Every structure is written in structure tokens, then in C-alpha cells.
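Colleague: I have the file open and would like to go through it with you. Could you take my questions as they come?

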Amino acid sequence: MDPLTVALELPAAIQTVGFVFSEAIALYVGYGVLTERLCPTFCPNLYPT
Amino acid sequence: MGIVGLTWGGLILFVGYGFLVGLLFGFFGMGGSFLVTPALLVLGYPSTVAIGSGLAFVFGTATIAALKHRDTGQIAYSLGSAMILGMVLGVGVGKELVFRLDALGFADTVVGVAYVVLLGAVGLFVTCDSLRGKDRTKQTSIKFARRLQRYQLPPMLPVTEETSVSGWFVAGIGLVVGVISGLLGVGGGFLLLPVMLYAIGVPMTIAIATNAFQIAISSGVGTLLYAQSGAVNLPVVTMLLVGSGLGARIGSVASEIVDRARIKQYFGVLLLFGSMAITSKTVGHVFDIAVLNRVSIVLIFGATVLVSAAVGYTTLRTLRDGDATPAND
């Protein structure tokens, strides 16, 4: 692959990486709130205090 | 009918499958890609897309896991950084190999055979090791790790408080694992975990946490390389990640509850099932036997469901018996 093709295709590739990364962060935070806030109440055996 | 280019059936399949793979990943400390990439292959995706999407999936799950493990402070950053250097180089080499094979028309067969050999070999090793008993394994691993740690080639990286290993060995191991990662679309956790345990002598909890960190970075680079060639199916990766995010958290908690000795046995059996599924798919493809395609789908999805159920059952039984150790959360 020549350098020009690599440069032209890089933005889409960076977007893909950025999307997956931001999705992972969102899931980490979202599920973190879900499991760590709700589980002590609803599944106390998994989160002993 | 459906959304983001997937039918409702496909959507449910990928979210559900992602959940189970996430559960296993959280439990075993591996990317789970050795189940994702073969699953995409048996579902008929081209090998380049299956590998690129597998790497993108691993990037997401490993990022989530690395964040989770960072909270518990178990990541060995210096060791991980040396490994990453080698892995990033290796991923680039692996990706080049796949596209060259694809241009020659050999990618599907070569990737299939490589999966059979690799999953079969690692699966057999782990299962036999597990059946032999813990004491012997421990002795062998300590002996091998000590031999490697004897070579004082700077820079030396700390493994435990008393031991250290040469950064060159670590980067070299990373390079080999990186090539396999880029070639097969796997994070490499199923190779890195035994290597870190047996060859380098890293304690289990630190090995699992450091793996997540290493794999997050190297699979991110791999995703970038494959995305440049348009070989990442984002809708599939997104749905798999949505399911696996929750599964990984549950699996991570389960790994703190269940006896570690049980972990390796499940791990080995799972790899062997993966190997059998790809064997069936490759033979079916070469000899044009349609029924073997269905067999491979049943094997790979069935193994995931069964081993996930085994993990869930063991966790619940341990909790019921009151043997659980307190979770770090």
C-alpha cells in the first residue's frame, strides 16, 4: 500500500478505533454504575460489604 | 427489518453471544476473540473481516478490562510496556501476511488450519496440565521462570518484589504473540497467560490484569491497521461489545469467587471445542460438505453456552456453600 492511500484511508480507520474506544468507555461507566450501585442492593452475595 | 445493517435475529445473536464471550473473558482474563473470529468465519464472513472485527472486539473488551483492573492496581506497567513494543510490531507483520494470503486466495484455509493447530495445541497443553495436578505444574513453572530470570540482559524489569526478567525476552515474546494476533485476529491472551505464568513467573492476578493492558493497546493498533483496509464490521462489533460489557463485569466478579484451579480446566476444554469447530468448518469448506458447516456452528456456539453455564453454576455453588472470598469492589 502506497503512502498516499494510507493517508487517505487513515481518518476512517481512526474513526473506527475512536468509536470502539468510546463505546468501551461508555459501557465500562454504564455497566459500572449498573453493577456497583445496584448489585449491593439486589445481589449482596456478589458484593459483600 | 432490523437496525444498523443487522436483522433482529442477528442483533439478538451477536448481543447474546457477546454476553457469553464477555462472561468467559472476564472470568479467564482473555480477549475471547478465539471464539469471536472463528464464529464470524463459520457464519460466512470473509477471513479478513472476521480477523479485523475480532481484533476490534478485543480492543473494546480489553479496554473495559484494563480500566477495571487499573482500579484494583494489579497491572505491571513496565512489564506490559515492553511486551506491547513487541506486540505492536508483530500485529503489523501478521496483518500484512493475511492480506498477502488473501490476494493469493489462501487466507481462509491457512487461517482455518492455523486456528485448528493453535487452539488444539494450547487446549491440550492446558487440559493435560490441569489434569496432572497443581503441584507438578507449580514446580515446572518456577524452574523454567527461574532459568529465564537468570539472564541479566538490561533493561531488567521487575516481575515480583524479589525477581526480575530481561526486557528483551519480554519484547521478543510480545513480537511472536503479536504476529499470531495480527494473523488470526486474536488478542493473544490465551498464549500470553500461560507464557506469563510459566515462562516469566508472573503471579496469576497480575498476569491477568497486565494481559488486559497489553492486549488493549496492541489490538487497538491492529484495529487501526485492519480498518485502513475496510475490514472491520462495526455493527457486528458494536452488538458484540454491548453484550460483552455486562458479561465481562459479571465474569470478573465470578473469577474472584471461584477456586483458581478450576479456571484452567474450563479454559482448556473451551480451546479444544474451538479447534474442533474450525476443523469441521475447514473440512466442510475443502470437501464442500454443507452439514459440516452446521456442525461447526453448533460446536462453537454450544461450547460457549456450556462453558459459560459451567462458570455460572460453579460461581453460584461456591456462593451457596459460603466459600466465597470478598470481591475487591
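Colleague: What should I know about the model and its conventions before we start?

Modeller: This is a predicted model, in which local features need pLDDT of at least 70 and side-chain atom pairs count only at pLDDT 80 or more, while totals for chains, interfaces and linings use all residues. Residues are numbered from 1 along each chain as its sequence is written, chains are lettered from A and ligands numbered from 1 in the order in which they are written, and side-chain values use heavy atoms, with hydrogens and water left out.

Colleague: How many helices and strands are there in chain B?

Modeller: Chain B has 12 helices and four strands. Helices (H or I, at least four residues) and strands (E, at least two) are DSSP runs, numbered from the N terminus.

Colleague: And what percentage of chain B counts as buried?

Modeller: Of its 329 residues, 56% count as buried. Buried means under 20% relative accessible area, exposed over 50%, and partly exposed in between (1.4 Å probe, protein chains only). Among contacts in chain B (heavy atoms within 4.5 Å) between residues at least 6 apart in sequence, 80% join residues at least 24 apart.

Colleague: At what angle do α3(B) and α9(B) pack?

Modeller: Helix α3 (residues 47-72) and helix α9 (residues 204-228) of chain B pack at about 145°, their axes being 7 Å apart. Axes are lines fitted to C-alpha atoms, for helices over the stretch in contact, and angles run from 0 to 180 degrees between N-to-C directions.

Colleague: Which residues make that contact?

Modeller: On α3(B) they include B:Ile51, B:Leu55, B:Phe59 and B:His69, and on α9(B) they include B:Ile208, B:Phe213, B:Gly220 and B:Tyr226. The residues of this contact divide into 15 nonpolar, eight polar and no charged. Here Ala, Val, Leu, Ile, Met, Phe, Trp, Tyr, Cys and Pro count as nonpolar, Asp, Glu, Lys and Arg as charged, and the others, Gly among them, as polar.

Colleague: Turning to B:Ile84, is that residue buried or exposed?

Modeller: B:Ile84 counts as buried, at 11% relative accessibility. The residue lies in helix α4 (residues 77-104) of chain B. Not counting residues up to four places away in sequence, B:Ile84 touches B:Phe213, B:Gln214 and B:Ile217. Its C-alpha atom is 8.4 Å from that of B:Leu175, 91 residues apart along the chain.

Colleague: What about B:Leu104: buried or exposed?

Modeller: B:Leu104 is also found in α4(B), but it counts as exposed, at 61% relative accessibility.

Colleague: How many salt bridges are there over all chains?

Modeller: The count is one, where a salt bridge is a side-chain nitrogen of Lys or Arg within 4 Å of a carboxyl oxygen of Asp or Glu. The side chains of B:Arg100 and B:Glu96 form a salt bridge at 3.5 Å, N to O. Because these residues are four apart in helix α4 of chain B, about one helical turn separates them. B:Arg100 is exposed, at 58%, and B:Glu96 is partly exposed, at 38%.

Colleague: Why is α8(B) largely enclosed?

Modeller: Helix α8 (residues 189-200) of chain B has 11 of its 12 residues buried, so the rest of the structure largely encloses it. Among the buried residues are B:Phe190, B:Pro194 and B:Tyr198. Just after α8(B), B:Gly201 takes a positive phi of about 85°.

Colleague: Last topic: how many residues of chain A and chain B are in contact?

Modeller: 25 residues of chain A contact 29 residues of chain B. The two chains bury about 2400 Å² between them, 74% of it on carbon and sulfur atoms. Buried area is the accessible area (1.4 Å probe) that two parts lose on being put together, summed over both. Between chain A and chain B there are zero salt bridges.
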